Amino acid sequence: MLAAQIFAVVIFIAMFLLIVWDKIERHYITLGCGLLTLVVVFGICMRSGKAIWNTLAIKCFAAKDFWYQVSESESKGINWATIVFIAGMMIMVEGMAKAGFFRWLCMKIAYLVKCRTIPVFITFMIMSAVLSMFIDSITVIMFLAAVTVELSQLLKFNPIPMILSEIFCANLGGSATMCGDPPNIIVGTSMGFSFFDFLLNTGAVAGICLIVCVIFFYLVFRKELISENAQPIDMSKLPKPSEAITDKKGFIFSSIIFGIAVVLLVTHSITHLTVASIGTFIAIITLIANAKDALGLLKKVDYKTLLFFIGLFVVVCGLEETGILQYIADFISDISGGNIMLMVAIILWMSAIASAFVDNIPFAATMVPIIQSLAPIVIASGADPNTLAWALSIGTDVGGSATPIGASANVVGTSVAAKNGYPISWGRYCKKLAPATVIVLAISTAYLFVRYL
Amino acid sequence: MSQLIISVGREFGSGGRVIAEGLAKRFGIPIYDRHLITEVAEKIGVSPEEVEELNEAPNSRLISRKVRGYSNSIEDNIAEMQFDFIRKKAESGESFVVVGRCSETKLKDFSGLVSIFILGDMETKIKRVMEVYEVNEHDAQNLIEKKDKKRKRYHNYHVHMHWGDSRLYDISINSSRLGIDRTIDLLEKYIRARTEE
């Protein structure tokens with residue numbers, strides 16, 4: 001077993017270093033490391049066909065629980081539910097983007113507030129958070145940042161404060177729901193949570209933090225946003241929201257499909273449909289609605305991300321099956337001395353600090369089995385057994401906001417700004433967003449202590 | 001060949017930029033080198049000197065990240081802006097000379113592209129750098145090594161094949177053998193032979 005443990009750790013560390021090195025595409029890294037885990041750790045060292053079979057988890061597709069789940073259950077091995085759901089949502093989002101939905105929505109909201117800078121600033125922050133509750137934050141920021149730059153050129157204001165605030169709120173909004181950010185999908189599907197479980201727990205604190213952040217960003221950015229050369233706005237010269245719609249029929253269909261997705265996600269604890277069946281259903285109706293361009297939509301799916309997930313889950317299984325994650329769980333338990341408050345604080349802040357510098361997806365995937373191992377200690381103390389899961393979700397989702405590389409939305413937002421002539425340095429980014437992250441984490445710590453312990 | 005795009009990759013101190021300027025003059029076409037810096041500087045509202053610092057520079061790996069082709073690194077974004085600029089120029093049908101910027105790969109789909117790599121002997125390069133930059137031999141060698149290392153990392157980050165690998169270019173030439181003027185003569189003949197095809 002010792003050899004298996006050593007190889008599992010070496011493969012995991014090599015995977016992390018190669019991801020940071022950024023020379024090889026990350027899906028090749030995780031798939032390569034996943035293959036090594038299967039062959040070297042499970043095959044050669046452990047000689048366990050069962051471990052390989054459990055890790056690949058192919059049989060889950062045939063299980064009723066995978067599609068229709070009456071009771072909560074935890075999954076092991078490759079988290080196919082996460083992969084199927086993300087793939088389905090990717091297809092839906094491609095359909096929406098192709099029809100011009102996102103650009104229309106941004107322009108429509110700007111029009112509703114008569115394109116005045118401060119109201120646009122506030123509504124775009126809220127829109128960023130709300131959209132990110134259902135759609136991946138990369139897509140949200142891609143469109144929101146582009147429209148922000150366009151409006152800034154027309155209305156003569158500096159778009160950087162607005163883009164920074166949108167990025168932050170996208171990450172915060174993502175923490176509110178099970179489908180908002182990949183770590184939440186991993187936590188949710190691994191631990192059998194529903195959309196409402198997240199909304200009532202992480203969503204509640206995200207809502208409080210959103211209010212605080214809107215006020216915080218207004219106070220720190222208001223001087224930069226109000227231009228001395230601001231001219232009265234001539235709405236007739238601005239592009240009309242309807243001009244953003246590229247395909248009217250497609251737009252109506254994609255809006256309806258998005259509505260269906262939201263309803264299915266919100267009600268999935270009542271309907272018992274799992275996120276895997278919702279993702280599959282949404283993908284199928286999007287492809288039927290866009291039958292003529294179905295192949296084009298399928299081609300646009302980010303397969304690299306899906307493959308990245310598959311490889312990653314295998315590598316993490318290597319750590320889990322060899323008992324390494326149990327050691328880490330025991331270590332956390334030891335240093336916290338059984339003090340649940342300290343344990344929650346460690347999970348939250350350690351997740352946040354790690355996510356500020358490394359990809360939060362591998363981190364969350366690694367931490368899920370650890371918090372599952374720690375659950376009995378939490379239960380024994382009489383506290384809510386899911387507290388650690390909420391701490392992990394909030395930490396990984398919000399911590400990523402602190403630096404320009406902490407989350408995908410940050411990279412996309414700063415890149416869109418730079419390509420349009422507004423480069424954002426590390427200093428410029430961290431000066432405002434790192435304090436905002438600390439504020440949200442402090443509020444979240446207090447929230448977790450007061451509500452659950 | 002109605003459109004002519006001459007891409008010149010070069011080792012520092014090999015006289016590659018002067019050769020590129022000579023070719024631009026002989027064919028009566030514009031050269032994009034310094035212009036690419038001022039263009040980006042104007043767009044992002046900073047001084048050309050600040051862009052110069054980040055020009056043809058690799059990103060700092062530990063503080064950079066790429067997501068679906070988007071990067072937070074200012075170096076990467078400056079590089080992308082320059083790639084876009086030369087690609088648009090090429091798409092417009094314009095003939096031009098471009099120095100560096102991975103142009104031999106970024107513009108490889110344009111039939112009018114002639115890609116050249118200029119290298120040189122270390123001794124000759126040191127001599128040239130000592131003259132042009134008024135530095136001593138030791139500093140000249142350090143400067144050459146530093147600049148080439150930077151160009152190599154920049155190139156190999158944005159392009160899969162290796163900087164200076166002869167398989168990447170139509171012609172690779174050591175300017176120390178014939179000197180700058182005669183290298184220009186030879187390259188002119190080669191390009192004219194290509195344009196007559």
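**Core and helix packing in the predicted model**

Met92(A) touches Ile257(A), Phe258(A), Ala261(A), Ile282(A), Ala283(A) and Thr286(A), residues up to four places away in sequence being left out; contact requires C-beta atoms, placed from the backbone, within 7 Å. The model is predicted, local features needing pLDDT of at least 70 and side-chain atom pairs pLDDT 80 or more, whereas totals for chains, interfaces and linings use all residues. Residues are numbered from 1 along each chain as its sequence is written, and chains are lettered from A and ligands numbered from 1 in the order in which they are written.

Met92(A) is, with Phe85(A), Ile141(A) and Leu172(A), among the residues with the most contacts inside the largest nonpolar core, which has 189 residues. Such a core is a set of buried Ala, Val, Leu, Ile, Met, Phe, Trp, Tyr and Cys residues joined through C-beta atoms within 7 Å, buried denoting 20 or more other C-beta atoms within 10 Å of a residue's own. Helix H5 (residues 80–99) of chain A gives the most to this core, 14 residues; helices are DSSP runs (H or I, at least four residues) numbered from the N terminus.

Helices H18 (residues 340–357) and H22 (residues 426–452) of chain A pack at about 155°, their axes 10 Å apart; axes are lines fitted to C-alpha atoms over the stretch in contact, and angles run from 0 to 180 degrees between N-to-C directions. H18(A) is therefore roughly antiparallel to H22(A), a term for angles over 145 degrees. Residues meeting across this pair include Leu348(A) and Trp349(A) in H18(A) and Leu448(A) and Phe449(A) in H22(A).

Notes: Helix = DSSP H or I, 4+ residues; strand = E, 2+ residues; numbered from the N terminus. Parallel < 35°, antiparallel > 145°, perpendicular 65-115°, else oblique. Contact = placed C-beta atoms within 7 Å. Buried ≥ 20, exposed ≤ 12 C-beta atoms within 10 Å, placed from the backbone.
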